[in-house]
Amino acid sequence: NHVYLTIDIGLQEAAENALSSYITSQNAERTAEREEIEQYGGDESDIKQLITGGAAVAVDVKTGEPLAIASWPTYDLSNFLADYSEIAAAENDPLYNRALQASYAPGSTFKPCTAIAGLAEHKIDTSTIIKCEGVYDKYADIGYAPRCWIYGKGLHGDLDVVGAITNSCNIFFYTLGDYLQISLMAKYAAAFGLGESTGIELSEDTGVMTTDAYFQEKYGRDVYAGEAIQAAIGQAESHFTPLQLAEYCAAIANNGTRHSASILKSVLSYDFSRTLFERLPEVLSSVETEQEYFDAVHAGMRGVVTDPMAGSVYFVFADAPYSCAAKTGTAQTGKNTDDAMFICYAPYEDPEIAVAVAVEKGSAGASLAVIARSVLDYYFAFRDSSVALEAEGTLLK
């Protein structure tokens, strides 16, 4: 029989090329920096580590269907059997599908989930103001006072939830995480599919959300308050796959409805005379709350793209012929160079596609916007095109 997948071959190629091009250029730049310091002197601790892997996933907002699932490093499928031993022994494990099997701390890409949880549980509303003074000092008397990323450069001052998402204010979300504690954050993370099976037919890691149950099993205790507020900004021990982050972003764009990530679209009989299977969108979970709360989160993510003061994402999308909304994430891994995360959806007014990008040792999440821009550019340029791509039975090089 003839099996049809949800994967768009052109978008897949665009995602793979964008991911590979970015990582290759970054590693070349970092290698050159190291060589320069070794030759002329300098502090080697300032040099970013080489990127070891990454992934980019695009999904249909309305159905949850994966449109592209790219992983780096990869290999040439046309020589797979002949070169298997070499591929299996290659640096950074090209056989390891990072889009599905690797899980990463989401960093600040988790903040929209925390925002929805706080709004839906009425811990805050859209007019609530929380002041960023650089340091969260509620637990300072026991020696724990985490800082906002802006500390030492300035202060965010008074922020509502829209501004907190746009500016990614840690103090706002530490405060909100303390209001919620871990049980309510975990409830909404699960509803958004974070730490849950996506429904894809391929082997996947389901990741993990920081919860009391997980900590009891691993450490024999509940989550501490300080760990709960770290979970609110996508740290602690929460780890999710790029596919989960893409579906989570799609669910946000879809006002809380999360679909299955099945890649099986249809099956026709061998002679094309009968349709044996036609997949319909399947809702796996939903977040039920007021529309105004999703509108606030959408506005906050839109600000990441439209506010030049919010970061460099603005400059990447400034001339885009479509509107989009995004959230950056920088996952502190405790090493020299942080993992980078980025999620976005477009068009902003009527979302069609959601993209998630993760790069190991990618440094700042905002730097990945160029990868997402390439994917979205291809999607909007060719979505209505009848141009034939590769013929049936051919392999992408």
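A search of the whole structure turns up 14 aromatic pairs; rings of Phe, Tyr and Trp (its six-membered ring) pair if their centres lie within 6.5 Å, with planes under 30 degrees apart counted as stacked, over 60 as edge-to-face and the rest as tilted. Keep in mind that this is a predicted model, where local features need pLDDT of at least 70, side-chain atom pairs count only at pLDDT 80 or more, and totals for chains, interfaces and linings use all residues. Residues are numbered from 1 along each chain as its sequence is written, and side-chain values use heavy atoms, with hydrogens and water left out.

| Pair | Centre to centre | Angle between planes | Type |
|---|---|---|---|
| Phe192 and Tyr248 | 5.5 Å | 80 degrees | edge-to-face |
| Tyr345 and Tyr348 | 6.4 Å | 20 degrees | stacked |

Phe192 sits in the loop between helix 6 and helix 7 (212-219), while Tyr248 belongs to helix 9 (residues 242-253), so the pair links parts of the chain 56 residues apart. Helices (H or I, at least four residues) and strands (E, at least two) are DSSP runs, numbered from the N terminus. Phe192 counts as buried because its relative accessibility is 0%, and Tyr248 is buried at 0% too. Buried means under 20% relative accessible area, exposed over 50%, and partly exposed in between (1.4 Å probe, protein chains only). In the other pair, Tyr345 is buried at 0%, but Tyr348 is partly exposed at 24%.

Tyr75, Phe80 and Tyr84 are linked into a cluster by ring pairs. Arg302 lies over the face of Tyr348, 5.4 Å from the ring centre, and Arg221 does likewise with Tyr224, at 3.7 Å. For a charge to sit over a ring, NZ of Lys or CZ of Arg must be within 6 Å of the ring centre and within 35 degrees of the ring normal.

Now for the core. The largest nonpolar core has 77 residues, and Phe172 and Phe192 have the most contacts inside it. Helix 6 (residues 170-191) gives the most to this core, with 13 residues. A second, separate core of 41 residues includes Leu67, Ala326, Ala372 and Val375. A nonpolar core here is a set of buried Ala, Val, Leu, Ile, Met, Phe, Trp, Tyr and Cys residues joined through side-chain atoms within 4.5 Å.

Cys113 and Ile116 are among the buried residues of helix 4, and helix 4 (111-120) is mostly covered, with ten of its ten residues buried. Those buried residues pack against helix 5, helix 6, helix 9, helix 10 and strand 10. Just after helix 4, His122 takes a positive phi of about 60 degrees.

Phe294 is one of the buried residues of helix 10, along with others including Tyr293, Val297 and Met301. Their cover includes helix 4, helix 9 and strand 11 (339-346). The 16 residues of helix 10 (residues 291-306) should span 22 Å, and the end C-alpha atoms are 22 Å apart, which agrees; the expected span is 1.5 Å times one less than the number of residues.

Finally, Thr6 lies in the loop between strand 1 (2-5) and helix 1 (9-40). Thr6 is buried, with a relative accessible area of 6%. A polar atom of its side chain lies 2.6 Å from the backbone oxygen of Pro66.

Technical notes:
Polar contact = N/O pair within 3.5 Å; in protein donor to acceptor, adjacent residues only side chain to side chain. Contact = heavy atoms within 4.5 Å.
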